Amino acid sequence: MLPAAARLTRSQEFRLVVRRGRRAGRSRLVVHVLPPDTEARAELDAPPGRNEGRPSHRAESPEADVHTAPTRDSSESTRVGFVVSKAVGSAVVRHRVARQLRHLMRDRIPALPAGTLVVVRALPPAAGAPSRDLGADLDAALRKLRLTGTRAEGAARPPTGSR
C-alpha cells in the first residue's frame, strides 16, 4: 500500500499530469510524468473558485477552503496515481492490476526525483500480465523518461552476451 503522502488524489492533478506531462508507452501501460520544476505545476497551487471558465459549486468563503486546501507541500513528495479503466476487465481484474501497479511503484518511488508527479495508466493487455512483466514495462517507461538509471532497483533482467 502506498502512504497517503505518495498518492495523487485530486482529478485536477491527474488531468494536469496527463495533459502537460511527458509520457512513455509500453504494450501494457503508459506512464505520464510531470517533473517538479515544470511551469504547469503552478496550476495546482491556483486558488479554487473558477475552473476552466465555469464557476465552482463551492462557496467562496474562507471556511469552505479549509477542507479543500492541500495537506502537504506538493513540491516535496513524489506522488503517484493509477488509471485502470473498464477496458482492462471486470472489477476484480481492474483491482488486481491496480494492486500490482501500486506494489511495483512503491518500490520505485525512492529512485524518482523528489516532487515528481506520476500517473500510470493500465492498458487492456495488463489484465493477464504477471507482475514481473508489468515491472519490466514500468522500468522501461521510467528509463525512457530518464527518471531512473539504466536499471531500476529490483528489476530482474537476464545477462546479455553471446550464447
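**Helix 2 and helix 3: a short tour**

Hi everyone, let's start with a crossing: helix 2 goes past helix 3 in a right-handed way, meaning that the near helix is turned clockwise from the far one by less than a right angle. Helices here are DSSP runs of H or I with at least four residues, strands are runs of E with at least two, and both are numbered from the N terminus.

A word on the model. It is a predicted one, where local features need pLDDT of at least 70, side-chain atom pairs count only at pLDDT 80 or more, and totals for chains, interfaces and linings use all residues. Residues are numbered from 1 along each chain as its sequence is written, and side-chain values use heavy atoms, with hydrogens and water left out.

Back to our pair. The axes of helix 2 (residues 91-108) and helix 3 (residues 131-144) come within 10 Å and cross at roughly 50 degrees. The axes are lines fitted to C-alpha atoms over the stretch in contact, with angles from 0 to 180 degrees between N-to-C directions. The two helices are therefore oblique to each other; under 35 degrees would count as roughly parallel, over 145 as roughly antiparallel, and 65 to 115 as roughly perpendicular, with the rest oblique.

Who makes the contact, that is, heavy atoms within 4.5 Å? Helix 2 brings Gln100, Leu101, Leu104, Met105 and Arg108, and helix 3 brings Ser131, Leu134, Gly135, Leu138, Asp139 and Leu142.

Let's look at arginine 108, which sits in helix 2. Is arginine 108 buried or exposed? With 6% relative accessibility, arginine 108 counts as buried, the cut-offs being under 20% relative accessible area for buried, over 50% for exposed and partly exposed in between (1.4 Å probe, protein chains only). Leaving out residues up to four places away in sequence, arginine 108 touches Gly135, Leu138, Asp139 and Leu142.

Now over to helix 3. Its buried residues are Leu134, Gly135, Asp137, Leu138, Asp139, Ala140, Ala141 and Leu142. What do they pack against? Their partners are strand 1 (22-25), strand 2 (29-34), helix 2 and strand 6 (117-122). Take aspartate 137 of helix 3: at 10% relative accessibility, aspartate 137 counts as buried. Again leaving out residues up to four places away in sequence, aspartate 137 touches Arg26, Ser27, Arg28 and Leu29.

Finally, just after helix 3, arginine 146 has a positive phi of about 60 degrees.

Terms used. Contact means heavy atoms within 4.5 Å.
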